[in-house]
Amino acid sequence: MIVFTTIIIFPIWDVIVGSFSSSASVATPGIRLWPEQFSLDAYRVVFNDPSIWNAFLISVLKTVIGVTTSVFFTAMVAYAMSKQDLIGRKIFIALGVGTMFFSGGMIPIYLLMRSLGLLDNFLVYIIPALFSFYNMLILMNFFREIPTSLEESARIDGAGVWRIFLQIILPLSTPVLAVIALFNGVYQWNDFMTARLYITNEALYPIQMKLYEIIVQQQAANMQNVVGSVIIPTSSQTIQLATIVVATVPIVLVYPFLQRFLISGMMIGAVKE
């Protein structure tokens with residue numbers, strides 16, 4: 001167990017140590033357990049960009065809004081699909097399974113986004129990720145395990161479909177909803193290709209796209225890093241390590257709060273009475 005834990009932790013620790021080291025020490029081969037030449041220059045380069053905070057805001061907004069809307073919409077569809085008497089249920093499932101194996105491809109999807117007016121639009125982060133058939137299957141199987149007697153009792157008391165869904169089904173589904181929210185949150189925060197393909201307005205860049213730009217600019221600058229025999233104290237490698245840390249910290253901070261739900265949610269369907 002100790003060896004396995006070390007194998008997992010050491011690469012992460014090496015990235016953190018490298019991000020706080022100077023470019024000269026990082027360029028030197030070898031194993032580093034501590035920063036040999038402590039330096040914050042890489043982080044200064046990252047955070048001195050005036051648009052970095054706007055990129056953080058875009059990432060936070062698209063993650064929060066994307067997770068909330070996706071989980072709620074997917075849960076609505078899953079609740080309906082969990083009912084055996086739903087008209088056309090088998091057809092809907094067959095069509096959904098097909099989307100898990102086949103895709104239209106990058107160019108048709110790009111043309112679709114353009115026709116919907118989602119290019120250079122914040123909604124391009126939200127609408128395409130609104131529904132996941134895989135997540136729907138997880139939620140649908142969980143909803144099936146909720147006793148139907150609860151819904152029948154609520155209907156006798158006069159509750160409608162929406163009240164049953166919002167006040168009974170969703171509160172009972174907190175573990176699985178937390179798992180789906182975590183999956184969506186990690187995807188939304190780390191999503192890079194959406195901005196790369198559909199966004200040209202820098203004001204809508206998320207943190208991943210902005211940090212990518214910083215790395216590219218730094219690599220170009222390092223090609224001329226010797227000016228008057230003065231070496232720039234950062235390199236593309238230290239910038240990359242710093243950006244990895246910056247992009248990973250928010251998810252790492254959120255994970256412990258969802259861990260207990262993740263454990264219980266992953267056990268869904270593992271035990272049958």
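Visitor: Is Asp-120 buried, partly exposed or exposed?
Guide: Asp-120 counts as partly exposed, at 35% relative accessibility. Buried means under 20% relative accessible area, exposed over 50%, and partly exposed in between, with a 1.4 Å probe and protein chains only. This is a predicted model, in which local features need pLDDT of at least 70, side-chain atom pairs count only at pLDDT 80 or more, and totals for chains, interfaces and linings use all residues. Residues are numbered from 1 along each chain as its sequence is written, and side-chain values use heavy atoms, with hydrogens and water left out.

Visitor: Where is Asp-120 found?
Guide: Asp-120 sits in the loop between helix 6 (106–115) and helix 7 (133–144). Helices (H or I, at least four residues) and strands (E, at least two) are DSSP runs, numbered from the N terminus.

Visitor: And what is its phi?
Guide: Asp-120 has a positive phi of about 55°, although it is not a glycine. Most residues other than glycine have a negative phi.

Visitor: OK, the whole protein. How many helices and strands?
Guide: There are 13 helices and two strands. The protein has 273 residues, of which 37% count as buried.

Visitor: Changing topic: how many aromatic pairs are there?
Guide: The structure holds 14 aromatic pairs. One of them joins Trp-162 and Phe-165, edge-to-face, at 6.3 Å centre to centre and 80° between the planes. Rings of Phe, Tyr and Trp (its six-membered ring) pair if their centres lie within 6.5 Å; planes under 30 degrees apart count as stacked, over 60 as edge-to-face and the rest as tilted.

Visitor: How far apart are Trp-162 and Phe-165 in helix 9?
Guide: They are three residues apart in helix 9 (residues 161–172), so about one helical turn separates them. Trp-162 counts as exposed at 51% relative accessibility, whereas Phe-165 is buried at 2%.

Visitor: Which residues do ring pairs link into a cluster with those two?
Guide: Ring pairs link Trp-162 and Phe-165 with Phe-72, Tyr-79, Phe-142 and Phe-143.

Visitor: How do helix 8 and helix 9 cross?
Guide: The axes of helix 8 (residues 148–156) and helix 9 come within 11 Å and cross at roughly 155°. Axes are lines fitted to C-alpha atoms, for helices over the stretch in contact, and angles run from 0 to 180 degrees between N-to-C directions. Helix 8 is therefore roughly antiparallel to helix 9. Angles under 35 degrees count as roughly parallel, over 145 as roughly antiparallel, 65 to 115 as roughly perpendicular and the rest as oblique.

Visitor: Which residues make the contact?
Guide: Helix 8 contributes Leu-150, Glu-151, Ala-154 and Arg-155, and helix 9 contributes Ile-164, Ile-168, Ile-169 and Leu-172. Contact means heavy atoms within 4.5 Å.

Visitor: Back to single residues. What does Gln-188 touch?
Guide: Leaving out residues up to four places away in sequence, Gln-188 touches Lys-62, Thr-63, Gly-66, Tyr-125 and Ala-129. Gln-188 is in helix 10 (residues 174–190) and is buried, with a relative accessible area of 2%.

Visitor: And Thr-63, where does that lie?
Guide: Thr-63 lies in helix 4 (residues 52–81) and is buried, at 13% relative accessible area. With residues up to four places away in sequence not counted, Thr-63 touches Gly-185, Gln-188 and Trp-189.
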